[in-house]
Amino acid sequence: MRVGLTGGIGSGKSTVAGFLREAGAAIVDTDAISRGLTLAGGAAMPAIAQEFGADFVTADGALDRERMRALAFSDAAAKRRLEAILHPLITAEALAQADAARAPLVVFDVPLLVESGRWRSRVARVLVVDCSAETQIERVLQRPGWTRERIAGALAAQTTREARRAAADVVLLNDGIPLVTLRNEAMSLAARWGCETITPP
C-alpha cells in the first residue's frame with residue numbers, strides 16, 4: 001500500500017509521519033530528499049548555480065536557503081524555475097526509495113502533495129493532517145526564527161485547507177486533541193493499511 005501524507009505548515013504532519021514509522025511504515029520524506037539534493041555536492045546544485053547564479057550558493061557549495069526562500073516567496077516565476085529543477089529529482093529519488101522499501105506500507109510525506117498535482121496517481125490513498133489556521137500560527141510561532149510575517153508567506157504559498165480536505169481520502173483532525181489520541185488514530189490507520197497493530201502506550 002502506498003499512501004500520500006500531507007498537511008499545512010504546523011498541522012502536525014511530521015508528528016503523524018513519526019507515528020506511522022513507529023507502526024512499521026516506510027516513510028519517504030520528500031523534504032529530506034530536497035535538502036539532500038541542495039547540500040554541497042547535491043545533484044541539484046549544478047543546475048541551481050547555473051540558473052540562479054553564485055549568489056545563491058554558499059561558500060561550501062550548498063544552496064543558500066534563506067536567500068532562495070526570500071526570492072521564492074517574493075517571485076512566483078523564480079519559485080517555478082526552482083521547482084522545475086528540484087521536482088523531477090525529488091520524484092525520482094522518492095520512487096526509488098519506495099521501490100527499495102520492504103515495509104507493508106509506504107508513506108510519501110509530501111508537504112505540497114495537493115499543489116503539485118503529480119502525486120495523486122502514484123498513491124492509493126491521500127491522508128491529510130488538518131487543523132485551523134489559528135492553530136497552525138500558534139504552533140509555528142514556537143519554532144526558532146519564525147515571525148507572523150514569515151508564517152503568512154508560508155501559508156500563502158500552500159493551498160487552502162479546503163482544497164487539501166477535498167483531495168483527502170482520510171483526514172486526521174489535529175486540533176485540540178491530546179497527542180496520545182492523534183497517535184492512536186495514526187496507529188489505527190496503519191493497521192488498516194497493512195501494518196501490525198501496536199499496543200497504545
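A quick definition to start with: a residue is buried under 20% relative accessible area, exposed over 50%, and partly exposed in between (1.4 Å probe, protein chains only). Keep in mind that this is a predicted model, where local features need pLDDT of at least 70, side-chain atom pairs count only at pLDDT 80 or more, and totals for chains, interfaces and linings use all residues. Residues are numbered from 1 along each chain as its sequence is written, and side-chain values use heavy atoms, with hydrogens and water left out.

Q: Why is aspartate 99 called exposed?
A: Its relative accessibility is 52%, and the label exposed applies over 50%. So aspartate 99 counts as exposed.

Q: What makes aspartate 99 and arginine 2 a salt bridge?
A: A salt bridge is a side-chain nitrogen of Lys or Arg within 4 Å of a carboxyl oxygen of Asp or Glu. Here the closest N and O atoms are 2.8 Å apart, so aspartate 99 and arginine 2 qualify. Aspartate 99 sits in helix H5 (residues 76-100) and arginine 2 in strand E1 (residues 2-7), so the pair ties together parts 97 residues apart in sequence. Helices (H or I, at least four residues) and strands (E, at least two) are DSSP runs, numbered from the N terminus.

Q: Why is arginine 2 called partly exposed?
A: Arginine 2 has 27% relative accessibility, so it counts as partly exposed.

Q: Are aspartate 109 and lysine 13 buried or exposed?
A: Aspartate 109 comes in at 4% relative accessibility, so it is buried. Lysine 13 has a relative accessible area of 10%, so it is buried too.

Q: How do you know that glutamate 51 and arginine 81 form a salt bridge?
A: The closest N and O atoms of glutamate 51 and arginine 81 are 2.8 Å apart. This pair also links distant parts of the chain, with glutamate 51 in helix H3 and arginine 81 in helix H5, 30 residues apart. Glutamate 51 counts as partly exposed at 37% relative accessibility, and arginine 81 is partly exposed at 34%. In total, the structure holds 10 salt bridges.

Q: Why is aspartate 130 called buried?
A: Aspartate 130 has a relative accessible area of 2%, so it is buried. You'll find aspartate 130 in strand E4 (residues 125-130).

Q: What is aspartate 130 in contact with, leaving aside its neighbours within four places in sequence?
A: Contact means heavy atoms within 4.5 Å. By that test aspartate 130 touches Arg161, Arg165, Val171, Leu172, Leu173, Asn174 and Asp175. Asp130, Arg161 and Arg165 are also linked in a network of salt bridges. As for valine 171, its C-alpha atom is 6.7 Å from that of aspartate 130, although the two are 41 residues apart along the chain.

Q: What makes phenylalanine 56 buried?
A: With a relative accessible area of 12%, phenylalanine 56 is buried. Phenylalanine 56 is found in the loop between helix H3 (45-52) and helix H4 (65-74). Setting aside neighbours within four places in sequence, its contacts are Ala62, Leu63, Asp64, Arg67, Met68 and Leu71.

Q: How do you know that the chain is as compact as a globular protein of its length?
A: The chain has 10 helices and five strands. Its radius of gyration is 17 Å, close to the 17 Å that the globule rule gives for 201 residues, so it is as compact as a globular protein of that length. The radius is taken over C-alpha atoms, and the rule is 2.2 Å times the number of residues to the power 0.38. Along its principal axes the C-alpha trace spans about 50 × 40 × 30 Å.

Q: How many of the 201 residues count as buried?
A: The buried share is 40% of the 201 residues. Among contacts with a separation of 6 or more, 72% come from residues 24 or more positions apart.
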